Amino acid sequence: VFECGKDALQRYYENHPNSIDYGSTLESIINFYIATEASVFVGVSRSSYSTDIWTTRYFQGKGDQNYEYTKDGIVKVANGGLPPPHSDCPSRPKKG
C-alpha cells in the first residue's frame with residue numbers, strides 16, 4: 001500500500017506550525033491525487049477507493065494502465081480500465 005499524504009502533511013505542518021490542520025481529509029485528497037496522476041495504478045476489487053481511482057483514471061484517458069491485484073496475480077481491469085459501479089449503488093432506470 002502506497003500512502004504519503006500523511007507524511008507530506010506532517011512535514012508541512014512541522015515547517016508551518018501556524019497552519020490549519022485539516023486532519024485526515026486532506027491526507028486522503030493528496031493520496032487520491034497521487035494515485036490518479038500515477039503512470040500505473042494497481043487496486044483491489046470490492047474497494048470503493050480503488051473503484052473511484054480506476055474510474056477517474058479511465059475518464060482521464062489512463063484506463064489502459066489500470067490493474068487489479070487478484071489471487072492469481074496482477075491483471076488489467078477489463079472494459080478498457082472502467083470498473084463496474086460500486087455494488088451498493090442503485091442503478092438508474094433506463095429512459096424510454
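Partly exposed, as used in these legends, describes a residue whose relative accessible area falls between the buried class, under 20%, and the exposed class, over 50%; at 38% relative accessibility, Tyr 49 therefore counts as partly exposed. The model shown in every view is a predicted one.

**View A. The aromatic pair of Phe 32 and Tyr 49.** Of the four aromatic pairs counted in the model, the one formed by Phe 32 and Tyr 49 is edge-to-face, with 6.3 Å from centre to centre and an angle of 80° between the planes. Because Phe 32 belongs to helix H2 (residues 24-37) and Tyr 49 to helix H3, this pair ties together parts that lie 17 residues apart in sequence. Phe 32 is partly exposed, its relative accessible area being 27%.

**View B. The aromatic pair of Tyr 58 and Phe 59.** Here, too, the arrangement is edge-to-face, and the rings of Tyr 58 and Phe 59 stand 5.0 Å apart from centre to centre with 90° between their planes. Tyr 58 counts as partly exposed at 30% relative accessibility, whereas Phe 59, with a relative accessible area of 64%, is exposed.

**View C. The second largest pocket and its lining.** This pocket has a volume of about 280 Å³ and is lined by 17 residues, among which Ser 45, Arg 46, Ser 47, Thr 51 and Pro 84 lie nearest its centre. Helix H3 (residues 48-59) gives the most to the lining of the second largest pocket, contributing three residues. Sorted by class, the lining of this pocket comprises seven nonpolar, six polar and four charged residues.

Definitions and conventions: Residues numbered from 1 in each chain as written. Predicted model: local features only at pLDDT ≥ 70, side-chain atom pairs only at ≥ 80, totals over all residues. Heavy atoms only, no water. 1 Å grid on protein atoms, 1.4 Å probe; cavity = no way out; pocket = protein on both sides within 12 Å on 5 of 7 lines; lining within 4 Å. Points joined across faces, edges and corners; volume = space filled by probe spheres on them. Helix = DSSP H or I, 4+ residues; strand = E, 2+ residues; numbered from the N terminus. Nonpolar A, V, L, I, M, F, W, Y, C, P; charged D, E, K, R; others polar. Phe/Tyr/Trp six-rings, centres within 6.5 Å; stacked < 30°, edge-to-face > 60°. Buried < 20%, exposed > 50% of the residue type's maximum accessible area, 1.4 Å probe, protein only.
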